[in-house]
Amino acid sequence: MALLVRLLALALALALGPAATLAGPAKSPYQLVLQHSRLRGRQHGPNVCAVQKVIGTNRKYFTNCKQWYQRKICGKSTVISYECCPGYEKVPGEKGCPAALPLANLYETLGVVGSTTTQLYTDRTEKLRPEMEGPGSFTIFAPSNEAWASLPAEVLDSLVSNVNIELLNALRYHMVDRRVLTDELKHGMALTSMYQNSNIQIHHYPNGIVTVNCARLLKADHHATNGVVHLIDKVISTVTNNIQQIIEIEDTFETLRAAVAASGLNTLLESDGQFTLLAPTNEAFEKIPTETLNRILGDPEALRDLLNNHILKSAMCAEAIVAGLSMETLEGTTLEVGCSGDMLTINGKAIISNKDVLATNGVIHFIDELLIPDSAKTLSELAAGSDVSTAIDLFGQAGLGTHLSGNERLTLLAPLNSVFEEGAPPIDASTKIFVYRNSLCIENSCIAAHDKRGRYGTLFTMDRMLTPPVGTVMDVLKGDNRFSMLVAAIQSAGLTETLNREGAYTVFAPTNEAFQALPPGELNKLLGNAKELADILKYHVGEEILVSGGIGTLVRLKSLQGDKLEVSSKNNAVSVNKEPVAESDIMATNGVVYAITSVLQPPANRPQERGDELADSALEIFKQASAFSRVRRVPGPGRA
């Protein structure tokens with residue numbers, strides 16, 4: 001009677017299908033993917049699921065939304081086929097899969113789900129078939145026929161040569177003595193198997209893939225009268241060693257073994273948890289320069305950072321990776337873990353030589369290349385092979401290379417290679433770089449990429465070469481003949497001392513052409529009024545330093561006159577009050593100069609007043625300066 005009640009309840013649940021769970025708990029990732037596959041297959045009839053098959057293989061996946069549109073698995077193209085969803089079958093002459101599979105015991109259900117080899121091996125044992133046909137409640141993770149066929153011949157021979165011990169134990173390890181459905185399969189959980197109570201490791205990933213000892217669950221939740229069958233893609237075996245113990249017994253981990261011992265990480269790797277170790281082989285350590293390897297092995301902090309960069313915070317089986325994803329290491333860095341066909345990739349490189357070596361506290365993938373984090377590198381190693389290599393070569397030529405490879409606490413401002421496309425500056429070992437302001441932009445050079453923090457130093461990538469300023473704003477203007485009329489005006493207005501003293505100014509400097517472009521009457525009027533002349537000139541001077549790299553889209557810069565200047569940048573072209581800037585970022589010790597080809601006017605000029613005798617002589621000074629500018633032009637110092 002009890003069995004009949006159970007059968008009726010189970011049949012009701014199957015008949016109701018998804019509707020029976022509407023009021024229940026949230027669906028698991030696997031169930032959500034299955035639901036999406038059912039949605040994509042519904043035009044083919046009831047209970048039809050869309051399945052993606054990797055072209056040229058037998059690998060099939062229920063499809064999620066992203067995979068449906070990309071039509072790729074691990075970078076390989078897929079084709080869509082339509083199959084009965086788990087638990088349903090076709091009926092001749094009817095559309096889709098309208099009928100629920102007939103309920104049978106576990107043994108018979110194995111044949112229905114495509115695990116006839118498991119059924120065959122169950123027959124060979126004396127004890128297991130009666131158990132599978134009996135009244136109990138079990139779960140079996142049944143290897144597919146292909147999984148059994150892919151076993152190495154020597155392994156299969158050892159099983160079938162001793163069916164009542166080895167084969168029986170292997171099959172019992174795939175079983176749990178209670179019914180466990182996918183909604184109970186939680187990430188990182190362990191199920192107790194029917195072989196010596198050994199644990200089976202379950203991982204249920206956000207992309208809907210479920211693994212059992214890193215074997216992928218192909219079709220799940222096939223109900224039987226006395227349990228449930230889940231089809232998996234591998235024959236699984238017991239796991240007895242933790243990660244540290246595997247490191248101890250593998251010959252290819254000799255260097256890693258010594259490194260782990262020196263760093264003290266052996267305690268972590270033998271503790272409870274679920275880690276992924278990207279384990280560098282001896283070959284991986286041999287690929288890096290001996291000097292670098294000895295430096296890291298002799299530096300406990302760098303060594304620990306190196307090893308932590310190879311440990312992921314959660315267990316990641318290869319079967320769960322069907323596209324690229326970012327994973328955080330114990331070091332705090334992010335690795336891009338992906339796949340290309342059957343190969344796993346790390347940061348785009350296929351460096352994994354052996355995958356899914358299972359431990360009691362996680363999984364190991366063997367890698368043939370070290371993943372050295374920035375925090376374990378010297379400054380020269382940070383820059384190696386990057387887009388600042390030219391600058392590093394120049395530092396070496398200047399005799400500064402030892403500073404970049406030593407243990408000094410330094411900050412390196414390295415210009416991009418593109419800065420040197422027109423040739424490198426002459427090297428002078430006595431040349432110093434002066435930094436006057438420390439922000440996103442240093443002098444007229446701005447940071448082009450996020451900083452890299454090494455073992456001792458920090459590397460900033462700069463968008464141009466730093467050149468020390470060689471005078472005040474007034475010195476810069478005097479040294480460039482384009483500004484001779486402006487210099488005369490500044491002297492006439494009594495602003496020379498202002499632009500010579502310490503400060504932080506941004507000067508939009510009208511060239512001689514700008515003054516000459518003014519209508520004669522307007523120029524004479526300006527020069528005849530000392531107050532107005534001073535106001536106009538002060539309107540061209542900002543109260544703080546603003547280099548072009550710090551402008552962004554628009555900056556309102558307060559002038560010494562009081563009104564604000566609108567400074568904008570678009571496609572690397574700078575404008576002030578919508579007037580184009582001819583040259584940017586001419587640096588001085590107390591500011592920065594921009595050359596402009598127009599005289600800027602404040603929003604509203606103040607009432608004009610007659611000036612004194614100094615103003616009366618301004619016109620004559622301007623005439624002399626203008627005549628001088630037509631005779632010769634001298635390139636100014638401090639030019640960017």
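# Cavities, strand pairing and disulfides of a predicted model

The second largest cavity of this structure has a volume of about 60 Å³. The structure is a predicted model, in which local features need pLDDT of at least 70 and side-chain atom pairs count only at pLDDT 80 or more, whereas totals for chains, interfaces and linings use all residues. Residues are numbered from 1 along each chain as its sequence is written, and side-chain values use heavy atoms, with hydrogens and water left out.

## The second largest cavity

A cavity is a set of points, on a 1 Å grid over the protein atoms alone, where a 1.4 Å probe fits but cannot get out; its lining residues have an atom within 4 Å of a point. Grid points are joined across faces, edges and corners, and the volume is the space filled by probe spheres set on the points. Under this rule there are five cavities of 30 Å³ or more.

Leu486, Ile490, Leu495, Leu499, Val507, Phe508, Ala509, Pro510, Leu537, His540 and Val541 line the second largest cavity. Helix H20 (484-493) and strand E25 (505-510) are the elements that contribute two or more residues to this lining. Helices (H or I, at least four residues) and strands (E, at least two) are DSSP runs, numbered from the N terminus. E25 supplies the largest share of the lining, four residues. By class, ten lining residues are nonpolar, one is polar and none is charged. In this scheme Ala, Val, Leu, Ile, Met, Phe, Trp, Tyr, Cys and Pro count as nonpolar, Asp, Glu, Lys and Arg as charged, and the others, Gly among them, as polar.

Ile490, one of the lining residues, is also in contact with threonine 496, as are Met474 and Gln491, when neighbours of threonine 496 within four places in sequence are left aside. Contact means heavy atoms within 4.5 Å. Threonine 496 lies in helix H21 (residues 496-500). Its C-alpha atom is separated by 9.6 Å from that of valine 473, 23 residues away along the chain.

## Sheets and strand pairs

Two strands are taken to pair if DSSP finds at least two bridges between them. Strands of a sheet pair through backbone hydrogen bonds, either parallel or antiparallel.

| Strand pair | Sense | Bridges |
|---|---|---|
| E7 (residues 138-143) and E13 (residues 227-232) | parallel | six bridges |
| E19 and E20 (residues 362-367) | antiparallel | five bridges |
| E17 (residues 334-340) and E18 (residues 343-346) | antiparallel | four bridges |
| E1 and E4 | antiparallel | seven bridges |
| E3 (residues 72-73) and E4 | antiparallel | two bridges |

Alanine 142 stands opposite leucine 231 in E13, and the bridge partner of alanine 359 is glycine 362 in E20. Valine 337 has isoleucine 346 in E18 as its bridge partner. For valine 51, the partner in E4 is serine 81, while isoleucine 73 stands opposite lysine 76 in E4.

Two hairpins include residues with positive phi. Between E17 and E18 there are two residues, and glycine 341 in this hairpin takes a positive phi near 65°. The hairpin of E3 and E4 likewise has two residues between its strands, and cysteine 74 in the turn has a positive phi of about 50°.

## Disulfides

A disulfide is a pair of cysteine sulfur atoms within 2.5 Å, and four are found by this rule. One of them links cysteine 49 and cysteine 85, with an S to S distance of 2.0 Å. The link is right-handed, with 110° about the S-S bond. Cysteine 49 belongs to strand E1 (residues 48-54) and cysteine 85 to the loop between strand E4 (76-84) and strand E5 (88-89), so the pair ties together parts that are 36 residues apart in sequence.

## Confidence

The mean pLDDT of the protein is 84, and 85% of its residues reach 70 or more. pLDDT is the predictor's confidence in each residue, from 0 to 100. Over residues 606-618 pLDDT stays under 50, and the model has 19 contacts beyond four places in sequence for this segment. Residues 628-640 also stay under 50, with 32 such contacts.

Definitions and conventions
On a 1 Å grid over the protein atoms alone, a cavity is a set of points where a 1.4 Å probe fits but cannot get out, and a pocket is an open set with protein on both sides within 12 Å along at least five of seven lines; lining residues have an atom within 4 Å of a point.
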